[in-house]
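Here are some friendly notes to read alongside the model. Take them one at a time, and keep the picture open as you go.

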Amino acid sequence: MIEGAPLPAVTEDSAPFWEGTARGELLMQKCSSCGRLRFPPRPMCPRCQSLDDEWVPMSGRGTVWSFVVPHPPLLPAFAKLAPYNVVVVALDEDPGLRLVGNLVASPEGPINEIDPETIRIGMPVRVVFQAAGEDIVLPRWMPA
Ligand SMILES: [Zn+2]
């Protein structure tokens with residue numbers, strides 16, 4: 001948890017995702033008509049326009065699709081942690097499902113504990129979870 005960091009807004013569409021992370025599960029929205037997975041959560045399937053969906057658990061495995069090391073100006077809550085990484089992870093189930101997070105060396109570790117020089121595009125990662133504030137548990141990533 002980073003004191004003073006902004007937290008995601010939970011919406012009607014995204015609530016099942018956050019209920020999943022609170023239980024230690026990475027869930028994705030799946031179209032009940034054509035079976036396509038989608039993220040971020042939204043009411044309609046982009047492939048078949050169905051409004052019917054379900055939430056299904058993922059393996060929690062993926063690869064680093066891209067990453068950055070943010071430079072100043074940074075939000076005050078993050079400035080003292082620089083340099084740190086922000087990764088975009090493509091999930092194994094569908095590389096089109098991409099989540100933004102931090103690569104860490106331990107589930108509760110700080111976001112600056114991995115040397116950015118060691119991060120590589122395509123490196124395998126697995127999800128871990130950390131309570132980030134009231135009612136929000138964030139997915140984060142560790143080398144697999
Ligand atoms: Zn569909």
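1. Helix α1 is followed by glycine 24, whose phi is positive, near 80°. Helices here are DSSP runs of H or I with at least four residues, strands are runs of E with at least two, and both are numbered from the N terminus.

2. Before going further, a word on the source. This is a predicted model, in which local features need pLDDT of at least 70 and side-chain atom pairs count only at pLDDT 80 or more, while totals for chains, interfaces and linings use all residues. Residues are numbered from 1 along each chain as its sequence is written, and side-chain values use heavy atoms, leaving out hydrogens and water.

3. Back to α1, which covers residues 15-22. Its buried residues are Ala15, Phe17, Trp18, Gly20 and Thr21; buried means under 20% relative accessible area, exposed over 50%, and partly exposed in between, with a 1.4 Å probe and protein chains only. These buried residues pack against β1, β3, β6, β7 and β8, where contact means heavy atoms within 4.5 Å.

4. Now step back to the whole chain. There are 2 helices and 8 strands, and along the sequence they follow the pattern α-β-β-β-β-α-β-β-β-β. For 144 residues, a compact globule would have a radius of gyration near 15 Å, and the 16 Å of this chain agrees. That radius is taken over C-alpha atoms, and the globule rule is 2.2 Å times the number of residues to the power 0.38. Buried residues make up 40% of the 144.

5. Which residues coordinate the zinc ion? Cys31, Cys34, Cys45 and Cys48 do so, each through SG, at 2.3 Å. Donors are N, O and S atoms within 2.8 Å of the metal (3.2 Å for Na, K and Ca); water is not among the atoms, so sites may look incomplete. The angles among the 4 donor atoms run from 101 to 117°, making the site tetrahedral; four donors count as tetrahedral if all angles lie between 85 and 135 degrees. For comparison, the ideal angle for four tetrahedral donors is 109.5 degrees.

6. Cysteine 34 counts as partly exposed because its relative accessibility is 29%, whereas cysteine 45, at 1%, counts as buried.

7. The strands around the zinc ligands deserve a look too. An open sheet of 3 strands has the order β2-β1-β3, with antiparallel pairing. Since β2 and β3 stand at the edges, each with a single partner strand, one side of each is left without a neighbour in the sheet. Two strands pair if DSSP finds at least two bridges between them, and β1 and β2 are joined by 2 bridges. Glutamine 29 stands opposite arginine 38 in β2.

8. Finally, please check some backbone details. The peptide bond from phenylalanine 39 to proline 40 is cis, with omega near 0°, and proline 40 is found in the loop between β2 and β3. Glutamine 49 is also found in the loop between β2 and β3, and its phi is near 65°, a positive value in a residue other than glycine.

Conventions. Tetrahedral: all angles 85-135°; square planar, octahedral: opposite > 155°, others 65-115°.
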